[in-house]
Amino acid sequence: MDKAEKCLERRNNKRKIYYRTEKGYNLVNQAQEMITRERCVVLDEKQILIPGCEIWFTDGEVIDAFATKENETYYMFINKAIIEEQKEYLEKLNWKFLIDSGIKEEYIDSLIEYGLYFVIFHEYAHILCGHVEANLEDHEDKKAEECEADMFSMDYLINFLLHTKESIEWSSEIEKLFLAIYFMMENSQANEYREFYNDKLIQNYYDPERIEKRDHPLNAQRIIYLYEILYLIFDYPHKHHTFKHFEV
């Protein structure tokens, strides 16, 4: 942990290493196992050793994460808000189709799990795709990297679900994955400096000055093209009657 803390300090990051809860610890262990499994598969099939990384929670209270490299070791730092604040946010929503409190809690936990996995594999994409080393400065290049990381994470998790869940569960589990991402991005808009003016989405989208200042796609844009991935892969709106019971 000392190396991870020093890595944060050298980057003048105000966040501190956060001692994980049991739930957070278990989810990170699962993600580490998923990454290790992929590394083994790629090594066996292509004789290429792709990088691993250390995953740490920090005490940040907004939904955010980043990946970096220090002395040949890759680190991923994830704000605790992705689990703790997101759980509070989800519990305040009106889940009309979940009557039983136990089922509701289980459903929300699933959304938190999938949301965290999406963030982890988004950040891992920055490592695997060379974004960390590239250290690009152009805003358009940075936005392209974020899009690539989103698509990598979504594609990986869809394939993970297709290989680990029974076919009868595919529709409901992929629905949870998308809703987890949607609500996480919706929650982050309120506290994310890149999204402060998102109530004027059209103005924000076309204003040249704002475009120059933005190195991430707007969350609204990200949700749209992630949904398009589902549409292209599954022809989702026609083959699956997803979201039909969902109302908040």
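This is a predicted model: local features need pLDDT of at least 70, side-chain atom pairs count only at pLDDT 80 or more; totals for chains, interfaces and linings use all residues.
Residues are numbered from 1 along each chain as its sequence is written, and side-chain values use heavy atoms, with hydrogens and water left out.

**Exercise 1.** Describe how strands S2 and S3 pair.

Begin with the elements: strands (E, at least two residues) and helices (H or I, at least four) are DSSP runs numbered from the N terminus. S2 spans residues 65–70 and S3 spans residues 73–79, and the two pair in the antiparallel sense over 6 bridges, where pairing requires that DSSP finds at least two bridges between the strands. Next, locate the turn: 2 residues lie between the strands of this hairpin, and Asn71 in the turn has a positive phi of about 50 degrees. Glu70 has Thr73 of S3 as its bridge partner. Finally, consider burial (under 20% relative accessible area with a 1.4 Å probe, protein chains only): 5 of the 6 residues of S2 are buried.

**Exercise 2.** Identify the residues that touch the most other members of the largest nonpolar core, and the element with the largest share.

A nonpolar core is a set of buried Ala, Val, Leu, Ile, Met, Phe, Trp, Tyr and Cys residues joined through side-chain atoms within 4.5 Å. Among the 56 residues of the largest such core, Ile78, Trp95, Ile120 and Met154 touch the most other members. Elements giving two or more residues to this core include S2, S3, helix H4 (101–128) and helix H6 (139–164), and H4 provides the largest share, 13 residues. Taking Met154 as an example, and leaving aside residues up to four places away in sequence, its contacts include Phe118, Leu177, Phe178 and Leu230, contact meaning heavy atoms within 4.5 Å. A second, separate core of 8 residues includes Cys7, Ile17, Trp56 and Phe66.

**Exercise 3.** Characterise the lining of the second largest pocket.

The volume, taken as the space filled by probe spheres set on the grid points, is about 290 Å³ for this pocket. Of its 15 lining residues, the closest to the centre are Glu38, Phe152, Tyr156, Asn159 and Phe160. H2, H4 and H6 each supply at least two lining residues, with the largest share, 7 residues, coming from H6. By class, the lining divides into 9 nonpolar, 3 polar and 3 charged residues. A pocket here is an open set of points on a 1 Å grid over the protein atoms alone, with protein on both sides within 12 Å along at least five of seven lines, and lining residues have an atom within 4 Å of a point.

How values were computed
Buried means under 20% relative accessible area, exposed over 50%, partly exposed in between (1.4 Å probe, protein chains only). On a 1 Å grid over the protein atoms alone, a cavity is a set of points where a 1.4 Å probe fits but cannot get out, and a pocket is an open set with protein on both sides within 12 Å along at least five of seven lines; lining residues have an atom within 4 Å of a point. Ala, Val, Leu, Ile, Met, Phe, Trp, Tyr, Cys and Pro count as nonpolar, Asp, Glu, Lys and Arg as charged, and the others, Gly among them, as polar.
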